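Subject: Structure for your review

Dear colleague,

Please find below the structure that I am handing over to you. My notes on what was found in it follow directly after it.

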Amino acid sequence: MHYAEGTSFDETKQTSTDLAVPGSALLDGRATSPAMQSPPLSPVRDVVPASSKSMVIRSKPRNQTRNRSGKSQSVVQDFVDVLRHSSTPPPRKVSKQKTSKVPQRLGRAELGPHAHEERMPDWLRKQLEKGARVTTATRIGRDGRLIQIENIANECRDIIPVLAQLCDQDPTVSRVYLCHPAVTHVAKMHREGGFCGYRNIQMLVSYIRDARSEGYRHFSGRLPSVIRLQDMIENAWEMGFNAISRIETGGIRGTRKYIGTPEAQALLQSLDIGCRAEAFNERKDLPVQHQLLQAVEQYFLDGHPNMNGRVCQTSQPPMYFQHPGHSLTIVGLEVRKNGSRVLLVFDPMFKASDGIRRLLGVQFRASAPDKLLKAYRRGEEMLRKYSTFEILKLTARVPETP
């Protein structure tokens, strides 16, 4: 969706070596979360919700001098008008610009290097339609019967219970909140380019499908492909959901143009799946990263306020998370013993490492849990690089955690 999505940077190469922990010991049995404990509620300042059909969220990239027009319907839209895809973090202070009432076409700074293409290469379209390599394995089910398990190369299920055990074994963690375990980590495929926005939508869909949340009947079988998601977004625009994005992008069907929060929101709303977008901007009284972390912590507390134990497994859905340059999926939040907070995310830039895959579905003791958690953590030091953030939350009543 942004600069990071359009590069050839391979985060897997940077993390896989660190993630393998040979000293981990595996024990038989399913992964279980420790007992839960109720933490004190921390006050959260209000941010601006956005749930109307006409909402458009963007933010202004650094060093971008182009005069944007036609974006200012509210204070929030002015602040986030170009969040779409900057090549570098935005400036800490955004200067006011003159705007008109006519929406204008976005360029490479927002839509990426293929902002004006009409059609992606045929080989890429075929790859996206086909999807990642699929293999099957035969295992013994809980009832003793043989069952066939389908494994998709760029997808990994059941990571949330692994993160719960790793956080519980990390002595620097005071408390951790985790989303509903029915969310799949979806990574980009080789050479696909800047489709991170679609991969994060797929992660939300994996939760909706597997947790049988609101709208799950729209998503039976495998996750919708990038090409299918493009069709669904275009249909949402035709229905009037964030339709201004069609003018700004010139249409996305069959192209490699970056997408962002407005497109994810439009798709969900067109299917009558409740969602709400929130934007965070710099304030004098509270840095933007603290606003975000407080809001995320409160989100998990609101789902299950009476939690016991160090690990708080909630039934809250994952969240679509956008910052200038990239998008991710928030699956949890750590509170460290030094008082700092850290987001836990699924990043479509890399696949689950072999070190994580070896721990799926079992109880274990890791010799270096911090190394395995490194790829999933986004702390205050990283977040303070940016002056704008967005999150997109599902608002339907959540099912109980199995």
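With which residue does the side chain of E278 meet in a salt bridge at 2.9 Å, N to O? The partner is K393. Please bear in mind throughout that this is a predicted model.

The bridge between E278 and K393 joins two strands: E278 belongs to β9 (residues 275-281) and K393 to β16 (residues 388-394), so the pair ties together parts that lie 115 residues apart in sequence. Both E278 and K393 are buried. For E278 the relative accessible area is 6%, and buried means a value under 20%. The side chain of E278 also forms a salt bridge with that of R276, at 3.1 Å from N to O. R276, in turn, counts as partly exposed, with a relative accessibility of 29%.

E150 is partly exposed, and its relative accessible area is 42%. Elsewhere, salt bridges link D170, E334, R336 and R377 in a network.

I turn next to the strands. Strand β7 (residues 173-178) has five of its six residues buried, so it is largely enclosed by the rest of the structure. Which strands does β7 pair with? One partner is strand β12 (residues 326-336), which pairs with β7 in the antiparallel sense over five bridges. Within that pairing, L178 has G332 of β12 as its bridge partner. The other pairing is with strand β10 (residues 308-313), in the parallel sense and over three bridges.

Helix α10 (residues 288-303) has 16 residues, which should span 22 Å at 1.5 Å a residue; the end C-alpha atoms of α10 are 23 Å apart, which agrees. This helix is also mostly covered, as 13 of its 16 residues are buried.

How do α7 and helix α9 (residues 261-270) lie relative to each other? Their axes come within 8 Å and cross at roughly 75°. Angles of 65 to 115 degrees count as roughly perpendicular, and α7 and α9 are therefore roughly perpendicular to each other. On the α7 side, the contact is made by L229, M232, I233, A236 and W237. On the α9 side, it is made by E263, A266, L267 and S270.

Is α9 mostly covered or mostly open to the outside? It is mostly covered, with 10 of its 10 residues buried. Among the buried residues of α9 are T261, P262, A264 and Q265. Just after α9, D272 takes a positive phi of about 60°.

Yours sincerely,
A colleague

Definitions and conventions: Residues numbered from 1 in each chain as written. Predicted model: local features only at pLDDT ≥ 70, side-chain atom pairs only at ≥ 80, totals over all residues. Heavy atoms only, no water. Buried < 20%, exposed > 50% of the residue type's maximum accessible area, 1.4 Å probe, protein only. Helix = DSSP H or I, 4+ residues; strand = E, 2+ residues; numbered from the N terminus. Pairing = 2+ DSSP bridges. Salt bridge = Lys/Arg side-chain N within 4 Å of Asp/Glu carboxyl O. Expected span 1.5 Å × (residues − 1). Axes fitted to C-alpha atoms, helices over the stretch in contact; angles between N-to-C directions. Parallel < 35°, antiparallel > 145°, perpendicular 65-115°, else oblique. Contact = heavy atoms within 4.5 Å.
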